[in-house]
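Here is a walk through a few side chains and how they sit among their neighbours. Keep the viewer open and click along as you read.

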Amino acid sequence: MFIGREAELGKLEEMYDSGNFEFAVIYGRRRVGKTTLIREFIKGKKSLFFAASESTATDNLLSLSRCVGGSRAAPVYGDYESTVEAIFAAGEGERLVFVIDEFPYLAEAFRGISSLLQIAIDRHRADSKLMLILCGSSMSFMEHQVLGYKSPLYGRRTAQFKVLPFSFFEALPFFTEYDAADKATLYGMTGGVPEYLTKINVQKSVRENMVDLFFSTSGHFFEEPANLLKQELREPATYNVIIEAIASGASRLNEISTKCKLEANKCAKYLSTLITLGLVNKEYPYGEKPGKRSIYKIADNMFRFWYRFVFPNLSAITAGRGDAVYTHEVAAQLNAYMGLVFEDICRQWLLRREDMPFFVGSAGRWWGTNAKTRSQEEVDLMAVYRNQALFAECKWKNTAVDMDVYAGLKRKSALFSYEQVYLYIFVKGLCSSRLRALHESGQVQIYTLEGMILNENP
């Protein structure tokens, strides 16, 4: 069953219906569903789909030639130039979608392919009915070598799609069998990568899925981080050490570089690559520019979960004690782990809403020093529009949230000077009657996780 991607499919259909030459660039990290999106789009359409391989120029030419010529017995075209010309010729009289999947592999094998495509586009675009789609998982390559200013293809694309992991709310169709807390927990351990979401067995409990997928040597995610780093990076061991350092609590550049025994400048370059891959985020206090207070966090939930719970327990898992790992290492720490996940879910919810007190174009965490007390303060979520501000606390706990949370939020909001202030408290499920009374009087807005889900899917 195909789930989501309505906006991307809608735009692709719009391009297809134009009848003119169209050139779409689709890229995103591995496992995010790019190929699945394209195959869903080309259903019922006249199309040719070529998947480039990590092989030689000769092997790729043979496969591409057979794809275009429709012959499996022998190559139809002898060189890339005639093959590209044949692609455009096929799109002269009728609509044809031609897809090159994993384009970076082809470009690496034959470096002249981008120039040949550029020449063909410039020559034929005025009277062509071809819809060309280039797709790739190498984010840096697609952004610099296809979309970048120095690329021969620069300025030729008519649309570009950076396919991102699903948000929690977009991923909900994968969790229909579970209650609200379990839905969030499953998202917290797999993230929004479609291929990861499909591995969840809805006939099993959250615990059973964790043990099967992570805490078993045959589990799908037992070696997934290592495999992904090997596929994407030339020095996977170094990147692994950096992610380990962040997972163990190092968040600032000097802390990470010291722990990894790397020069700060060199470490920063590795971190930049991890950010490009969507595995790490660089964060800074909301409303401030990047600077000395910037911190690094693991952005991918599956990686966060793996390095938090699998990596420290590899020996026990290898010995077949996955259930014991869950009982002794995961169960007691899961609520603490879910704190950041819940903050992110609340941030996603704020950005999706059109009925907020003001336009919320961005939202994020703030941290800094209280000028009066010199103590460190932190606001889970904050959003500002002109002279209005929203402050929020996000509490993932099994016990009822009480007045102390409201008092702390009100105190922290007073650190700023805005004409209009709105206070929000997001809770896993329970809040006290006194806090509920404040909600009913309009002094604070309270949303439970289940309420947010129902609000999105009434």
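Asn 209 lies in helix α11, residues 206-213 (helices are DSSP runs of H or I with at least four residues, strands are runs of E with at least two, and both are numbered from the N terminus). This is a predicted model, where local features need pLDDT of at least 70, side-chain atom pairs count only at pLDDT 80 or more, and totals for chains, interfaces and linings use all residues. Residues are numbered from 1 along each chain as its sequence is written, and side-chain values use heavy atoms, with hydrogens and water left out.

Is Asn 209 buried or exposed? With a relative accessible area of 2%, Asn 209 is buried (buried means under 20% relative accessible area, exposed over 50%, and partly exposed in between, using a 1.4 Å probe and protein chains only). Its side chain reaches the backbone nitrogen of Asn 201 at 2.9 Å. Setting aside neighbours within four places in sequence, Asn 209 is in contact with Tyr 178, Met 189, Lys 199, Ile 200, Asn 201, Lys 204 and Phe 214 (contact means heavy atoms within 4.5 Å).

## Salt bridges

Lys 204, one of those Asn 209 contacts, has a charged partner too: its side chain meets that of Asp 212 in a salt bridge at 2.6 Å, N to O. Here a salt bridge is a side-chain nitrogen of Lys or Arg within 4 Å of a carboxyl oxygen of Asp or Glu. Lys 204 is partly exposed at 31%, and Asp 212 is partly exposed at 35%. How many salt bridges turn up in the whole structure? The search finds 25.

Another of these links Arg 347 and Asp 344, at 2.8 Å, N to O. Both residues lie in helix α19 (residues 334-352), 3 residues apart, or about one turn of the helix. An α-helix has 3.6 residues a turn, so residues three or four places apart point the same way. Arg 347 comes out partly exposed at 27%, and Asp 344 is partly exposed at 25%. Arg 353 pairs with Asp 355 at 3.2 Å, N to O, and this arginine counts as buried at 17% relative accessibility.

## Glu 378 and its network

Glu 378 lies in strand β9, residues 376-385, and counts as partly exposed at 34% relative accessibility. Together with Glu 283, Lys 297 and Arg 365, Glu 378 is linked in a network of salt bridges. The side chains of Glu 378 and Arg 365 make a polar contact at 3.3 Å (a pair of N or O atoms within 3.5 Å; within protein, one must be able to donate a hydrogen and the other to accept it, and residues adjacent in sequence count only if both atoms are side-chain atoms).

Beyond its neighbours within four places in sequence, Glu 378 is in contact with Arg 365, Trp 366, Trp 367, Glu 393 and Lys 412.

## The buried side of α20

Lys 412 also shows up in helix α20 (residues 403-413), whose buried residues are Val 405, Tyr 406, Gly 408, Leu 409, Lys 412 and Ser 413. They cover an arc of only 165° around the axis, which puts them on the same side of α20 (the arc is that of the directions from the helix axis to the C-beta atoms). What covers them includes β9, β10 (388-395), β11 (420-427) and α21 (433-440).

## Aromatic pairs

The whole structure holds 33 aromatic pairs. Rings of Phe, Tyr and Trp (its six-membered ring) pair if their centres lie within 6.5 Å; planes under 30 degrees apart count as stacked, over 60 as edge-to-face and the rest as tilted. Phe 358 and Tyr 385 have ring centres 6.4 Å apart and planes at 10°, so the pair is stacked. Phe 358 lies in the loop between α19 and β8 (364-369) and Tyr 385 in strand β9, so the pair ties together parts that are 27 residues apart in sequence. Phe 358 is buried at 7%, whereas Tyr 385 is partly exposed at 26%.

Tyr 196, Phe 214, Phe 215, Phe 221, Phe 305, Phe 309 and Tyr 337 form one aromatic cluster.

## Cysteines

How many disulfides are there? The count comes to 0, where a disulfide is a pair of cysteine sulfur atoms within 2.5 Å. The sulfur of Cys 135 is 14 Å from the closest cysteine sulfur, in Cys 67, which is too far for a bond. Cys 431 is in no disulfide either, with the nearest cysteine sulfur, that of Cys 346, 14 Å away. Cys 135 is buried at 0%, and Cys 431 counts as buried at 18%.
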